[in-house]
Amino acid sequence: MKKQGFTLIELMVVIVIMGILAAVAVPKLFGMIAKSKASEVPTAAGSYINMQDAFALERNLLGSWTEIGYSAPGKKAHASSFASDNFLYTGAAVNTSNASSSVTDAWKASAKVKLDDCAADGYWKFDITNGTGDKGGNVAYTATTSSAECEGLAPAFKTLARSL
């Protein structure tokens, strides 16, 4: 009588192969999930920049989030902040009475949760400067991230920094 089935060695080889695949695949999966969550940051920042540019060209001033009509993703948390599942979006107060002004942390997205190697308090932010020019506002955006790990999750963010 001939017995059929797998030997113990064959089963152990399969388990080792599955373990190796899991060890490689799981970190990649979590990295992709973190990138997909961080992908909302450049989109939200781009909307802010477009609205601020339009306001500056029209009035030669920097505007607050309310004045330019900007609302970040998520639900309103306070007067100048919005919260999504993964980020808290905040904006600094802007003095619209001063045509030539500079604002630190004019737009900031802070991670509420750890995203891969980006810490739970990691951030992406814009500082803006408004000068005067012939075409209205001469707005310059300076992009900053809290770490290289956070920057790597949303590489498009740094490309948004520009001068109008």
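Ring pairs join Phe87, Tyr89, Trp107, Trp124, Phe126, Tyr141 and Phe157 into a cluster. The model is predicted. Across the whole structure, a search gives 11 aromatic pairs. Two of these pairs are set out here.

| Ring pair | Centre distance | Angle between planes | Class |
|---|---|---|---|
| Tyr48 and Tyr70 | 5.5 Å | 75° | edge-to-face |
| Phe87 and Trp124 | 5.6 Å | 75° | edge-to-face |

**Tyr48 and Tyr70**

The planes of Tyr48 and Tyr70 stand at 75°, so this pair is edge-to-face. Tyr48 belongs to helix α2, residues 40-59. Tyr70 sits in the loop between α3 (65-68) and β1 (75-78). The pair therefore ties together parts that are 22 residues apart in sequence.

Are these two tyrosines buried or exposed? Tyr48 has 0% relative accessibility, so it counts as buried. Tyr70 has 5% and therefore also counts as buried. The cut-off for buried is under 20%.

**Phe87 and Trp124**

The rings of Phe87 and Trp124 also meet at 75°, so their pair is edge-to-face. Which elements does it link? Phe87 lies in strand β3 (residues 87-90), and Trp124 lies in strand β5 (residues 123-133). The two residues are 37 apart, and the pair links distant parts of the chain. Both Phe87 and Trp124 are buried. Both are also members of the ring cluster, along with Tyr89, Trp107, Phe126, Tyr141 and Phe157.

**A charge over a ring**

One further contact involves a lysine. The charged end of Lys108 sits over the ring of Tyr123, at 4.6 Å from the ring centre.

Note on methods: Residues are numbered from 1 along each chain as its sequence is written. This is a predicted model: local features need pLDDT of at least 70, side-chain atom pairs count only at pLDDT 80 or more; totals for chains, interfaces and linings use all residues. Side-chain values use heavy atoms; hydrogens and water are left out. Rings of Phe, Tyr and Trp (its six-membered ring) pair if their centres lie within 6.5 Å; planes under 30 degrees apart count as stacked, over 60 as edge-to-face and the rest as tilted. Helices (H or I, at least four residues) and strands (E, at least two) are DSSP runs, numbered from the N terminus. Buried means under 20% relative accessible area, exposed over 50%, partly exposed in between (1.4 Å probe, protein chains only). A charge sits over a ring if NZ of Lys or CZ of Arg is within 6 Å of the ring centre and within 35 degrees of the ring normal.
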